[in-house]
Each structure stands twice: as structure tokens, then as C-alpha cells.
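This briefing is for a reader new to the structure below.

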Amino acid sequence: MNAKLQYFFFVLASILTYGQVSVMSDVSKRELNGKETFVLTIVQEIIGSENIPETPLRMPDLSKFNKVAEGSVRNMFEDPQSKVLVRQLVYEYVLEPKQPGKILIGSALITVNGKIYKSEPFYINVKEGDFSKKALADNPSEGVYLNMELQDTEVYRNQPTIVIVRAYSKDFNDLRRFGKVSFPHRDGVEVVSVSYERSEIQQRANMASQVIAKAIVVPNSEGKINLPAASVTFNEGGNRTEKIQSNPIKLNVKKLPENAPKSYDNAVGHFQFSISQISPSDRIEVNKPINLQVKLKGEGNIDASHLPKILKSENYTLYQPKITSHLREHRHGMKGEVIAEYVLIPKKSGEIDIATEAFSYFSLQKHRYVEIGASTLRIMVLSPEQIANAKHTIEKVNELTNNVLDNVNTPIVEVKKYKIQEKEKINWKTLLGNYSLIGIFFILMLFILSRYRKYKRTNLRRENISLGSVAETEAELRKKMVIDLEAGIDFLEKQYEEGDKTAFFTALESLKNDAERLVSMKYQKTLKQYFETAKGSTIAEEYQHLLHQVEIEKYAPFSEKENLKQLLDKAIKLFSDIA
């Protein structure tokens, strides 16, 4: 938990309660992947000068953890309105577990005025991993550490996972001295850098940390894979630099099932693909180019190599496509879409089927292969003669009218000395004949339009459209309702980047409401019930914690961007997993 938020909680408690003693403890995460570091925060608060501590704060037993770093901060102030003395003591530890399993973090104790106050004990769950190596590497610079951790330590072959490199330092300014992170080469695994953009610095007591790099790890072989330590240059001052290494990581790569379809080409995640015509037209002409696009959308190891290609055919000429990608980092690798834009020229008239390669992928949700197959787009190609014959009646009338007017023997007049003299006599028979012809076509056009309207009304009467009951109508509307949580997440990220606090919380509230409606329609549950039943109690607690933080930050007079970033990350994590 962020120390600044804890201070806010306790200051608020000091206003509502008088003469209170409290001890609280919390951790940054309760599910650990192997020997993963986490932060334990213990806060003691004594309100009122009449409350005298008789013993120092006694810490819980931490013998099952290695202490990577620790620090404390003491605050004492007097509330200006109530004149109540408030004393706060915050301890923070960066710990790593020594063994897997369910480990108890006991109570912190203090005796005040003869009474014992203690924090609530709780468990953390540590998954299996490599516990033979230290989580943070030993480095020559005292108080400076580099930690590398994986989003998932157990994956399938070709399943991507995110690796995060975080720098720790007791000196806030040391974090500015880290250079660019270098990831090691390792046979059997591909490491692709995603971002070297640095996160906001997190300050916990006397330990500061910052994410300095992210990468995607894609294993291409099975078994236990040791990913060597990442390294970074650290400027000690002047021309002196040294290389600091992180901890190595062990990755457990599971084997994919044997019954892979023939179209499977190492795609792992969740995908959809389609073929369509760009700016579709009703009249496609032989030997005239049209634009097509093949779109692959999803999350996982998505890239251009998995995009199904359009198959060649003697019925058309196909040119090399232009490929564009719109991808962003996601918990299961990358998320977004890859689009290939083709130029195709049909060679013959009639119906032409444009087919793509077959596509399949291994689903991480279903834990089996999913065959999508090939996709086909059928187009109707017309010859120049067919296009001419397919012209609308109004177009034909206009063309004929223009042709008639071009052939009318229009009288030529001559202006001379302000007197108009006819050069030739008007041929009244020809003129009347032409106007009669125009009138006939005009009447014909009105007749065709009236028949069309009558035909349309007759068909409408024949359709037996039943409005049904109100409940049926509402159910039908619900089926057609589309709720795009991904668009809401993108809009929330945009509001965060623009720095508008009010717009950010409005977008977050709208995203939560969309998620509520989606879960209510699909599962007839509230969002809280959905997280508890479908995602587990831990995710449900994270959702409640998010709502609590939102209420605090929304009405805080000042909100740091770091706190909004935490809300954004939690919202993306929770709402992007709603299926």
C-alpha cells in the first residue's frame, strides 16, 4: 500500500476518533511467483498525549524471509482544530521468501497504558520456483539494486510473458544514474524489448524504486529455462561507471498438446481475423484495381508473421501488401491488431472467391487448439458492357436528355446595333417533336417510380412484424447491445495522459458502469459477484480496494500523477480480463 495513502487514512481516523491507538500492516502483493520481492508496511499510530507507550513496537517473526532493504519514518503533529497530538511510525521492509507455500505474517505488538494493541495477522501464498538464488543480485554500489521479475513464471511454448526490470535505491537521486538495460541472449528463448520508458518513482520510507525497462519473453522450447541476469550501467559520478546485474529468472515452459492442426503456426493467445473490401462498391469492373484488407486482432504473441495471407489465383492479380500494426503491452504479451492492405485486380467477370490461408491458435483460456479455418470474400465482377447496362433508369434518362438537347437545332441569333435578328427561321416541328420525346421519358420515369413505391408498400404490408411484449423487446435490444470495454480502457488511458483529473474519474466511472452492465447481461450478476465467483477472492479484494482508492483520490484536494497511474493500472488489470 502506498505510504501516502496510509497517512491519509490515519489522519482521517484521528479526526473521527479521539485517544485511539492502532497498529496496521499490509503487503504490496499476497500472491508471489517463486522468490519474488514484495514490500511489507507496518504503521503504528497513537492519538492523544495521554496515551503513553510502555514498550517499543515489536515486529512480527520474519525469519522465513530475506530482508533485502528496510527503513522507517516517524511523524508527530498536532491537529490544528482539535489540538490532539498524533504520533505515527511507519516501518517498511523489502522482503523475499525463502520457501514456497502459505506463509503467515504475524502481528506487530505494542503496549500502551497497560493494554496490548496489535495488527491483524494474514497469509501470503508463495508459488513454486527457484529458491536457490537471491532475488536481488549483489552489486558493488551499496544501497543500489536491480530486480528482474516475470509476469508469469509458468507458460506454454510460444506463450509470451512480460519481464519487468525495477531499480531500487536508498538515495532518490541514484535512480537517475541508471543507463539503458541490456537483456541477455539465451538459446531457446527470445527476449524482445518493449519499452525503456521509466515509470513514476515510488517512495517507500527510505527506499525508492522505479521500473526502468520492460520486455517480452517468448520461449520456443519446453522445460526449465534459466534466463540470465539483465545488466545496466550505473554512473557513480564523474567518469566512473560500473555494471550492475539483476537476479536471474527461472521459467517453466509447458509442452503444447500433440494434436495440433495442420494450419497451426505457433500462435498462442486469443485471436480473430477477417477479410474485407476497403471502401466497398457495388460495381467492380474487370481489370480495375480494388483494395482489400486482412485483419488479425487479439492478444498473445501477435505479430505480422501470424497474419493469414490471401491465396493466389488465376482469376486475379495480387500485389504485395502494406502491413501496419497497432499493438500495446498486455499481461499475456501484446494486444491489438495487425492489418495487411492488398491491391487486387480481377481478370474476368462473374463471381470470384478470394480466399485466405487457414488459421488456428492455441487458446490460453480453453487450453486447447482452436481452428478458425480459412476466410473467403466473394465479389461480383462486371464487364464494361454489364456496367453500362446496369445503370439506373434516372441515369439513362439524364444521358438521353443530354443527347437530345445536343441534337436540337437551336436557333442562332445575332446582335447587331441593339437589334436582334434571326439568322434562320425556327423549325417548330422539330422543336415540338423533341419536347414531346422529353415529356414521354419524363412520364415513363414517373410511372416506374410509382410502381416501385407501390411494390415497396405491398411488401411492407406482407411482413408480419410483431412488436411483442415489452419484455421481449427489451431482451432483443439487450442482444443487440454492444459494450466495448477495450474502447473504454483506451479512453481512460487518454484522459490520464492529458492530466485532466475530473475527466479521468468520469471516464473511470463510465468504464465501471459499462463493466457492470456487461456482467449483468451475460451472467445476471453484479460486478463484485462476478469477480468472486469467476476470478476468486483475491481479485474481488483488488476490486474493492480499487473502489476505495477511487473515493479517496476523487475528493483529495491534490492528486499526484503516481496515484492516478496506480488506479489506471489496476483498472486495466481488472476490466480487461472480463470475458
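In this predicted model, E36 has a relative accessibility of 8% and counts as buried, because the cut-off for buried is under 20%. Its salt-bridge partner is K29, with the closest N and O atoms 2.6 Å apart. K29 is partly exposed, at a relative accessible area of 24%.

**Salt bridges**

- K29 and E36 also belong to a network of salt bridges that includes E149.
- The count of salt bridges comes to 13.
- K288 and E285 form a salt bridge through their side chains, at 3.5 Å from N to O.
- K288 is partly exposed, with a relative accessible area of 42%, and E285 is partly exposed at 21%.
- Another salt bridge joins the side chains of R378 and E351, at 3.7 Å from N to O.
- This pair links distant parts of the chain, since R378 lies in strand β29 and E351 in strand β26, 27 residues apart.
- R378 and E351 are both exposed.

**Nonpolar core**

- The largest nonpolar core has 32 residues, and L292, I310, I354 and I379 touch the most other members.
- Strands that each supply at least two residues of this core include β12 (161-169), β15 (207-219), β26 (350-355) and β29 (376-382).
- Strand β25 gives the most to this core, with 5 residues.
- In soluble globular proteins, nonpolar side chains tend to be buried together.

**Surface charge**

- A patch of negative charge on the surface is formed by E197, E497, E498 and D500.
- E498 lies in helix α6, which covers residues 485-498.
- E498 is exposed, with a relative accessible area of 52%.

Technical notes
Residues are numbered from 1 along each chain as its sequence is written. This is a predicted model: local features need pLDDT of at least 70, side-chain atom pairs count only at pLDDT 80 or more; totals for chains, interfaces and linings use all residues. Side-chain values use heavy atoms; hydrogens and water are left out. Patches are made of residues with over 30% relative accessible area and no salt bridge: like charges are joined within 9 Å, nonpolar side chains (Val, Leu, Ile, Met, Phe, Trp, Tyr) within 5 Å. Accessible areas come from the Shrake-Rupley method with a 1.4 Å probe; for residues, only the protein chains shown count as cover. A salt bridge is a side-chain nitrogen of Lys or Arg within 4 Å of a carboxyl oxygen of Asp or Glu. Lys and Arg count as positive and Asp and Glu as negative; His and the chain ends are not counted. The place of a charge is taken as NZ of Lys, CZ of Arg, CG of Asp or CD of Glu. Helices (H or I, at least four residues) and strands (E, at least two) are DSSP runs, numbered from the N terminus. Buried means under 20% relative accessible area, exposed over 50%, partly exposed in between (1.4 Å probe, protein chains only). A nonpolar core is a set of buried Ala, Val, Leu, Ile, Met, Phe, Trp, Tyr and Cys residues joined through side-chain atoms within 4.5 Å.
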